[in-house]
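Dear colleague,

Please find below the structure that I am handing over to you. My notes on what was found in it follow.

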Amino acid sequence: MTGEAWRPRPIYLPDAHLPNSAEPVWTCRQCRTPWPCPTAEPYLTRGQCASCGSPTYWDTKRPRNWHLGPRCYTPADALRAEAAELHQHHQRNPRYPPSHYYPDKPRRRRRQRPPYDHTPSRPGDIEPGTTLWVSPGGLHPGWGDIPHLAILTTLGRPKCEVWVWLDSTVHLVRPEHLLPDISPIRNAARAAGVTTFRQQPGRPSPLLPEWQWIKWTVDRHLQHREQHAPPPPTIEAVQEPLFAS
């Protein structure tokens with residue numbers, strides 16, 4: 001082989017051919033020619049700014065872009081646009097962190113297992129002692145991004161108190177992140193003579209209408225309870241007729 005040795009074409013835009021924006025006319029850092037240079041053009045997609053009409057270039061492999069015209073946006077606008085682009089890039093290319101990526105767990109109170117137990121039997125029947133699952137995002141990131149089995153200890157808004165089976169810690173979790181466990185409900189229904197929750201037993205079919213509530217979150221149960229709560233009793237004054245005359 002004569003001449004320069006063959007080299008594979010790089011996958012990404014080489015850093016040596018990025019633009020030099022110190023001068024009014026952008027030039028390539030290595031070629032010293034108006035940017036984009038012939039080496040950089042295959043890695044770019046040409047566009048046009050919707051605000052000022054200036055030419056823009058987008059990196060085809062990475063979430064980067066360049067605006068060649070005058071500045072037509074504020075730093076806050078640029079920061080929001082970059083955050084949106086990074087979010088879209090991460091949605092298209094999800095990467096789940098390893099287990100050692102999670103931060104350290106903060107200190108939480110520890111208790112023994114709550115002595116009481118409750119199994120929901122109808123919509124809105126959520127009381128302390130219910131076994132439930134805490135969905136990812138309900139606990140601190142130190143507990144990972146997986147569901148955790150817990151027991152409800154205090155029911156309320158805006159947060160409920162739960163006892164986590166993993167390490168006996170107590171947490172305050174929003175009710176929309178709590179989902180009652182189906183296993184105790186299924187066992188209680190079978191003991192009462194109910195054979196199935198679904199239209200076709202043994203097949204992946206939807207739940208029957210009267211059993212849709214077993215997929216509700218605690219927040220949905222609280223809303224159902226508030227909507228169907230009896231009106232407050234009206235108290236009539238007994239001695240009011242005595243003062244009418």
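A residue is called buried here if its relative accessible area is under 20%, exposed if that area is over 50%, and partly exposed in between, with a 1.4 Å probe and protein chains only. The model is a predicted one: local features need pLDDT of at least 70, side-chain atom pairs count only at pLDDT 80 or more, and totals for chains, interfaces and linings use all residues. Residues are numbered from 1 along each chain as its sequence is written, and side-chain values use heavy atoms, with hydrogens and water left out.

I begin with His67. With a relative accessible area of 12%, His67 is buried. It belongs to strand β5, residues 65–67; strands (E, at least two residues) and helices (H or I, at least four) are DSSP runs, numbered from the N terminus. Contact means heavy atoms within 4.5 Å. Once neighbours within four places in sequence are set aside, the contacts of His67 are Trp26, Cys49, Cys52, Ser54, Pro55, Thr56, Cys72 and Tyr73.

Trp26 leads on to the aromatic residues. Rings of Phe, Tyr and Trp (its six-membered ring) are paired if their centres lie within 6.5 Å; planes under 30 degrees apart count as stacked, over 60 as edge-to-face, and the rest as tilted. Six aromatic pairs are counted by this rule. In one of them, Trp26 and Trp35, the ring centres are 6.5 Å apart and the planes stand at 55°, so this pair is tilted. Both residues are buried, Trp26 at 18% relative accessibility and Trp35 at 5%. Together with Tyr57 and Trp66, Trp26 and Trp35 form one aromatic cluster.

Arg62 lies over the face of Tyr12, at 4.3 Å from the ring centre. Arg220 is placed over the face of Trp216, at 4.2 Å from the ring centre.

How many disulfides does a search of the whole structure find? The result is zero, a disulfide being a pair of cysteine sulfur atoms within 2.5 Å. Cys28 is in no disulfide, and its nearest cysteine sulfur, that of Cys37, is 3.6 Å away. Cys28 is buried, with a relative accessible area of 0%, and Cys37 also counts as buried, at 0%.

Next comes helix α2, residues 182–191, in which Ile182, Ile185 and Ala189 are buried. These residues are on the same side of α2 because they cover an arc of only 65° around the axis, taken from the directions from the helix axis to the C-beta atoms. An α-helix has 3.6 residues a turn, so residues three or four places apart point the same way. The buried residues of α2 pack against β10 (178–180), whereas Arg190 and Ala191, on the other side of α2, are exposed. At the N-terminal end, Asp181 caps α2, with a side-chain oxygen 3.5 Å from the backbone nitrogen of Ser183. Just after α2, Gly193 takes a positive phi of about 105°.

Finally, Val164 is found in strand β8, residues 160–164, and counts as buried at 0% relative accessibility. Leaving out residues up to four places away in sequence, Val164 touches Leu139, His148, Leu149, Ala150, Thr169 and His171. The C-alpha atoms of Val164 and Trp133 are separated by 9.2 Å, with the two residues 31 apart along the chain.

Yours sincerely

Conventions. A polar contact is a pair of N or O atoms within 3.5 Å; within protein, one must be able to donate a hydrogen and the other to accept it, and residues adjacent in sequence count only if both atoms are side-chain atoms. A charge sits over a ring if NZ of Lys or CZ of Arg is within 6 Å of the ring centre and within 35 degrees of the ring normal.
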